[in-house]
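Colleague: Please bring up the model and take me through it.

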Amino acid sequence: MGTTTGPRSRTARRNASAMRMVGALLAVFRTAAGYTQQQLGDMLGLGEQTVASIEQGRRRLMPDVAARLDELLDTKGALSVALSKMPEVDLVPLWAEEFLQREREAIAVSWYESQVLPGLLQTDAYAEAVFRSRVPVYDEDEIAQLVAGRTERRAILHRKDRPMTSFVIWEPVVNAPIGGTEVWVEQLRHLRSCSELPGLMLQVLPLKRTTHAGLNGPFILLETPEHQRLAYMETQRGSQLIADQGEVAILNQKYAMLRSQALTPEDTRDLLDRLLGER
C-alpha cells in the first residue's frame, strides 16, 4: 500500500501467458454453457468489460471469482485448479498488479494507514526513503523504478475524472520523520496541499483516542465503475485483493468507525498547520 506496491513488475509481465491460458479456459467454459460475456458479467456483478478483460488475459481472475464460476459453469473446479497451478513466485506480483489496475479505474478510494503515509499522498523524497528502508535492500535501479511508479499513481488525484478519495491516517505516521527532517517537512506541506484538493478528505486519527477500530492494520477500499466493492491489504510477505462482499462489508464498517474516531478534515488541517509552524 504505502510500502511495497510499485509499478508493473517484470515478473507479472512474464506471467502473461498463464493469465491468457486461464482466460481462454473461461471463454471455452462460458461458451459451452451458452452465456455471453455480458450475461456472465451481469450474473457475477462484474460487468461485460471485466469478463472480456479476464478472457483476454489482461486482468487476473481472482480465486473467489473462479470458485463462483466453477459452480456457475459446472466446471468441476477446473478454473480454481488452473489458478492454483500458476507459478508461486508470480502470485504476489499479480495481486499487486490487479490492485493497481483497479485503483486506476476506481470511482472511490478509502484508505486507512497506520504504518507509513498512503502511497497516493507520498512525495518522491518520502517514497524513496520508504523504499530505502526495505529489508532486503533494493538496488538503485529498483528504487528509481519504484519511485517513478509512485509518481505515476499520484496522477489519479489530479485527473478531471478523479475518484472520490478518503484517507484516515494514525497520528504516529504523520509525526514520524521518515527520510529526515527536510523530507518530513516537505511531506507535511504536501499533505496540507492535498487536503485542499476537491473530492479528497484527509483525517488524522489522534494518538490519544482510547478506542481504535483499525488495530488489525492498514487496508484500502475501492469502488469500481461497475459499483463492485473491493478491499486490498498487505502483509510483511504478500498482499491480498478481496472481492468477497461479506469480508468487504466488515472492512467498510471498520472504516466508517475509523472516520468517526478521527479528527474532522478541518481539524486535521489545523493539526498540520501546527506541525508546520513548529518547524
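Colleague: Is Glu55 buried or exposed?

Modeller: This is a predicted model, in which local features need pLDDT of at least 70 and side-chain atom pairs count only at pLDDT 80 or more, while totals for chains, interfaces and linings use all residues. Residues are numbered from 1 along each chain as its sequence is written, and side-chain values use heavy atoms, with hydrogens and water left out. The relative accessible area of Glu55 is 12%, and the cut-offs are under 20% for buried, over 50% for exposed and partly exposed in between (1.4 Å probe, protein chains only). Glu55 is therefore buried.

Colleague: With which side chain does the side chain of Glu55 make a polar contact?

Modeller: Glu55 lies in helix H4, residues 48–55 (helices are DSSP runs of H or I with at least four residues and strands runs of E with at least two, numbered from the N terminus). Not counting residues up to four places away in sequence, Glu55 touches Arg20, Gly23, Ala24, Leu26, Ala27, Arg30 and Gln37 (contact means heavy atoms within 4.5 Å). A polar contact is a pair of N or O atoms within 3.5 Å, where within protein one must be able to donate a hydrogen and the other to accept it, and residues adjacent in sequence count only if both atoms are side-chain atoms. At 2.5 Å, the side-chain partner of Glu55 is Arg30.

Colleague: How far apart in space are Leu69 and Leu79?

Modeller: Leu69 lies in helix H5, residues 63–73, and is buried at a relative accessible area of 1%. Beyond four places in sequence, Leu69 is in contact with Leu26, Leu40, Leu44, Leu61, Asp74 and Leu79. Leu69 and Leu79 are 10 residues apart in sequence, and their C-alpha to C-alpha distance is 7.7 Å.

Colleague: In which order do the strands form the open sheet?

Modeller: Two strands pair if DSSP finds at least two bridges between them. E1 (residues 108–113) and E2 (residues 164–170) run parallel and are joined by 6 bridges, Ala108 having Met164 as its partner in E2. E2 and E3 (residues 200–205) also run parallel with 6 bridges, and among the partners in E3 are Leu200 for Thr165 and Leu205 for Trp170. The sheet has 6 strands with mixed pairing, in the order E3-E2-E1-E4-E5-E6.

Colleague: What is the average twist from one strand to the next?

Modeller: The edge strands of this sheet are E3 and E6 (238–242), each pairing on one side only. Axes are lines fitted to C-alpha atoms, for helices over the stretch in contact, and angles run from 0 to 180 degrees between N-to-C directions. From one strand to the next, the twist averages 10°.

Colleague: How many residues of strand E2 are buried?

Modeller: E2 is mostly covered. Of its 7 residues, the number buried is 5.

Colleague: How many residues apart in sequence are the parts that Trp111 and Phe167 tie together?

Modeller: The structure holds 5 aromatic pairs; rings of Phe, Tyr and Trp (its six-membered ring) pair if their centres lie within 6.5 Å, with planes under 30 degrees apart counted as stacked, over 60 as edge-to-face and the rest as tilted. The rings of Trp111 and Phe167 are 6.0 Å apart at their centres with planes at 35°, so the pair is tilted. Trp111 lies in E1 and Phe167 in E2, so the sequence separation of the linked parts is 56 residues.

Colleague: Is the pair of Phe219 and Tyr255 tilted or edge-to-face?

Modeller: Trp111 and Phe167 are both buried. For Phe219 and Tyr255, the ring centres are 6.3 Å apart and the planes at 75°, so the pair is edge-to-face.

Colleague: Which residues do ring pairs link into a cluster?

Modeller: Phe219 sits in strand E4 (residues 219–223) and Tyr255 in helix H12 (residues 245–261), 36 residues apart. Phe219 and Tyr255 are both buried. The cluster linked by ring pairs consists of Tyr112, Phe219 and Tyr255.

Colleague: Over which ring does the charged end of Arg134 sit?

Modeller: A charge sits over a ring if NZ of Lys or CZ of Arg is within 6 Å of the ring centre and within 35 degrees of the ring normal. The charged end of Arg134 is 4.1 Å from the centre of the ring of Tyr138.
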